[in-house]
Amino acid sequence: MAESQPVHIMGAGLSGLAAATTLANAGIEVHVHDIREDSGQRFDGDFQALENWSMDSDFFEQLKQWGYDPNEFKATEFSEVDLIHPDDEISKTYTPKIAYRIVERGTSDHTIDQGFKRMAIKAGATLHYKSRVKETDCQIIACGPKGTSAVAYGEIFKTQHPNHIAFQLNDKLAPGAYSYLIIIDGIGLICTCLWRKQKGSERFLNETIAWYQKHYPDIDMEPVKRVGGKGDFTINKNYFQDGRYYVGESGGLQDFMWGFGMRMAVWSGYLAAQDILGKCNYEKEVRKQLMPYVKTSVTNRFLMNRVGDRTFKRMCKAWMKHQSKTGDGLIWIGKLFRPNIFKSTLYRIVSPFMLRKDAKAMGRGVRRLPFRKAKKRDNWEQSSSAIEVGNRWNKIRRSGGRTSFSESSD
Ligand SMILES: Cc1cc2nc3c(=O)[nH]c(=O)nc-3n(C[C@H](O)[C@H](O)[C@H](O)COP(=O)(O)OP(=O)(O)OC[C@H]3O[C@@H](n4cnc5c(N)ncnc54)[C@H](O)[C@@H]3O)c2cc1C
């Protein structure tokens, strides 16, 4: 592409804004279009984790090398997390390094979305909100999920409790996935992820909150709002097609096992911009740098789909055993995310059966992880304490508490 031509980007999320910043810094005229009123609006105050275990390099070091400033947004580092086993045993995982950083998504100044927005504006990009453009009129497609492979629901609350993180593997509360608790500077989030499609999904969140209330009785909670979102997991035949770069979740570039996608969103946005600047070949670099991790995560997802609480318990025990041997809980989890020969072989065998063709993907050969059906064991009655959690939320909702994501949300 001739350098003088303006670049149009569809989507002002992490991948689109990262691409815009790199291009504008190189003197290219960039226009970013987003259908929403602002960057981050899709998430409305959700906490998310920037994982730091899937590769040797620290993510913030990568950001700096790519020319992005991590000081533009608030990020809280953690080296410790409560690991909650399916039988309710709670162990502590820890590392001498930074395990992950929690960032807030949304429209407040300190969110990662607004941080990337500021970087793009400073670099000289022009952002157009509430702007509907055609995919065929854009060079970079960065508009997040199209289909649904999984969903997450969470409740945000005020609390006096100090910062704390817990990660729970429990197939009843979070079918096929996990639930978590995050408390940062007086704001908490309890969230559950559903990798199997459910009717009346709110009961999973209510039951999860009731679980945390029972097992962490010292956490006071004043619910504020409910948040959530859908995840789209796809493998694409082409990541660059007909002059368009598919980045971030629009290119299916995220972790199929547990849904970590921010790192790959920024990374792929950066690579697309580098290609436009003539410094690399996007298709080649995505396949080299990102796809080994994505394929490993497809295999992990295949395995996760076949197990339940008994295997989750074995995983927790293996993780803790490895940690007491090595003194670093990050090594075991890191290995799970890293490519190896076994997983790449398994990927070739299982991926044709796991993924379904998306006929509407403009010839890009998109294959999506379908939202799996509920299992018999997902049918259970809410406990009385979960019903109370639901009633408490309904009262808050009636007096103005917002829910930004529901079963019928786009
Ligand atoms: C509830 C939830 C929790 C998550 N937790 C984590 C986590 O802890 N760690 C992690 O790494 N990842 C997490 N993820 C995944 C992560 O949020 C995504 O992988 C990441 O945001 C993808 O970035 P993106 O740039 O592709 O899309 P986004 O950052 O979502 O940006 C897409 C943008 O495109 C806009 N858009 C949509 N349609 C159009 C259109 N037609 N035209 C123009 N603009 C459009 C949207 O308004 C949005 O601003 C989570 C996802 C969900 C749903």
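Student: Ground rules before we start?
Tutor: Residues are numbered from 1 along each chain as its sequence is written. The model is predicted, so local features need pLDDT of at least 70 and side-chain atom pairs count only at pLDDT 80 or more, while totals for chains, interfaces and linings use all residues.

Student: Okay, strand S12: how many of its residues are buried?
Tutor: 5 of the 6 in residues 179-184, so S12 is largely enclosed by the rest of the structure. Buried means 20 or more other C-beta atoms within 10 Å of a residue's own, exposed means 12 or fewer, and partly exposed is in between, with C-beta atoms placed from the backbone. Strands are DSSP runs (E, at least two residues), as are helices (H or I, at least four), numbered from the N terminus.

Student: Which strands does S12 pair with?
Tutor: S11 (residues 164-168) runs antiparallel to S12, joined by 5 bridges, and S13 (residues 187-194) is also antiparallel to S12, with 6 bridges. Pairing takes at least two DSSP bridges between two strands.

Student: What does Leu181 stand opposite in S13?
Tutor: Ile190. Leu181 is also the bridge partner of Ala166.

Student: And the turn between S12 and S13?
Tutor: The two strands form a hairpin with 2 residues between them, and Asp185 in that turn has a positive phi of about 45°.

Student: How do H4 and H10 cross?
Tutor: The axes of H4 (residues 202-215) and H10 (residues 384-398) come within 8 Å and cross at roughly 110°. That makes H4 roughly perpendicular to H10. Axes are lines fitted to C-alpha atoms, for helices over the stretch in contact, and angles run from 0 to 180 degrees between N-to-C directions. Under 35 degrees counts as roughly parallel, over 145 as roughly antiparallel, 65 to 115 as roughly perpendicular, the rest as oblique.

Student: Last one: what's the strand order in the open sheet?
Tutor: S8-S2-S1-S9-S17-S16, 6 strands with mixed pairing.
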